[in-house]
Amino acid sequence: MVSDNPETFADLDGHGVAPAVCGAGGIACKNETISSTINNAADNHPIITQIILGVVITVGTEGIGDIIDAAAGGGELIEASSATTTDAASAGTSTEGGASATGRLPQDVSVNPKAPDPLPTDRPVSNSPTQNNAAQSEVARMKQEGYQDIRVNQQQVNAARERVGVGRPDVQGTSPGGVREYHEFDRSTSTRGAGHAARAMANDPSGKVFLHTVD
Amino acid sequence: MGLINGSLRDVNESFVQWQNDILAGYGQSVVVGHLECHLGDAFSRLQPLARGVRTRSLLLELGEWVAYFDNSHLGTDAAGVAAVMATRLLTTAIRLTVRSNKIKRGKGASKLGSYGATIFEVFEGNLRSRRSIACANDGGRWVFEQHGAPFLFEDLAAYASKKVRERFPPYLLERYVHEFGVDPFSERAYYAKCDGSVHGELVEIVGDLPKTITYVTLAAARKALGLE
């Protein structure tokens, strides 16, 4: 459970996930003072504990670990753990070479913005039944809450229904408020989440990325 | 488009209740207007078309079913609505997508056009589909996917066609839909009351709409999809 008390927030220097995100997506890191904005949370999301616009928060079962500024790369990253504490420091060792000044990969920059239709959402995101169940739970939530253009394991499409990347977020959908969400489901031992998040944010600076740890 | 088994009154009531419940959190609500007019006039009420989230939905009486359309500039996104309405009304709902493949490939490829798709999803009182079949150009690669147990009326041999894009042609989807006792591709079917009008409800979202929404004309949308 995450506390509202700013004094409990650890590691404000952007350690942990920050280097991987910065390296992968060209997102700058800096110290960030947490203010009362920490209480402006939630966006009605059942899993996510805290959200601060423009700031990346990694959330584990033991509390907020690392905070970095996502503004330079755009977007918003929220990391949630439904099973174990997220070890952000070990996450995101993936490197994505050839990124542009905006942090976008050449293959994402050159993609035809024309988006294919959303496929049925029964699609798997992994060989892991646990991850697939978690992804389907997210799909169900999105449907019930009126999200649109819900896609599972399809190329990245933004809120305007333009294809903005060839990467495939596990689950993506647009809230009635017009915000595109990208959800990634990984094991705690996975190192891919931060890299994927950085890439998705670079492709859609107005979107929100949610990293879920499921074991 | 979507198809929801039920009366226009029941479907509209449940849809509006659901929309108002979820939209309240965004400072939005819906207003409803009853329509009795020609089919073309009903569709024109969906304009302007929205680029971003939908702002208007159209429910049309279609025999014992209700047809659902929205004003997305790329065509109706009915999957979520069909799933939720099937769950709320404990009924059957279908999501249909039939789109011609008009995308050009290779050097100098136009950004106009659309990726082809034939998608059939049936929901029976549940958010997850009872059965889904999709044959689509998924952004440059044709895929064929199916989930759930086949209905007895399905032509399973077609799914083994050597060419992926031929495994679920639109005529097969139309045949499957007819098995449910509904014909959404016949204009006459929308005039079931023989009073010269289609009957429906236009549901429009009002309030604090996302500032990212932009609007396009039908002509512009058709051009972008390669239909003109």
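Visitor: What is the bridge partner of R56(B) in strand 10 of chain B?
Guide: In this predicted model, R56(B) has E204(B) as its bridge partner in strand 10 of chain B.

Visitor: What makes strand 4 and strand 10 of chain B a pair?
Guide: Two strands pair if at least two bridges are found between them, and five bridges join strand 4 of chain B to strand 10, residues 198-207, with the two running antiparallel. Five meets the requirement of at least two, so they count as a pair.

Visitor: Which residue stands opposite L60(B) in strand 5 of chain B, and how many bridges link strand 4 to strand 5?
Guide: L60(B) stands opposite A67(B), and six bridges hold strand 4 and strand 5 (residues 65-70) of chain B in an antiparallel pairing. These two strands form a hairpin with two residues between them, and in the turn G63(B) has a positive phi of about 65°.

Visitor: How much of strand 4 of chain B is buried?
Guide: Strand 4, residues 56-62, is mostly covered, since six of its seven residues are buried.

Visitor: Why is D149(A) called buried?
Guide: A residue is buried if 20 or more other C-beta atoms lie within 10 Å of its own; D149(A) has 26 such neighbours, and therefore it counts as buried. D149(A) is found in strand 4 (residues 148-152) of chain A, and although it is not a glycine, it has a positive phi of about 50°.

Visitor: Why is N153(A) called partly exposed?
Guide: The label applies between the two cut-offs, 12 or fewer for exposed and 20 or more for buried, and because N153(A) has 18 C-beta neighbours inside 10 Å, it counts as partly exposed. N153(A) is in the loop between strand 4 and strand 5 (171-174) of chain A, and its phi is also positive, near 55°.

Visitor: Why are such phi values pointed out?
Guide: They are pointed out because most residues other than glycine have a negative phi.

Visitor: Where is there a cis peptide bond in chain B?
Guide: A cis peptide bond joins Q47(B) and P48(B), with omega about 5°, and P48(B) lies in the loop between helix 2 (39-44) and strand 3 (49-51) of chain B.

Visitor: How many residues of chain B are in contact with chain A, and of which classes are they?
Guide: In the model, 41 residues of chain B are in contact with 31 residues of chain A. The side of chain B that touches chain A has 18 nonpolar, 14 polar and nine charged residues.

Key: Residues numbered from 1 in each chain as written. Chains lettered and ligands numbered in written order. Predicted model: local features only at pLDDT ≥ 70, side-chain atom pairs only at ≥ 80, totals over all residues. Helix = DSSP H or I, 4+ residues; strand = E, 2+ residues; numbered from the N terminus. Contact = placed C-beta atoms within 7 Å. Nonpolar A, V, L, I, M, F, W, Y, C, P; charged D, E, K, R; others polar.
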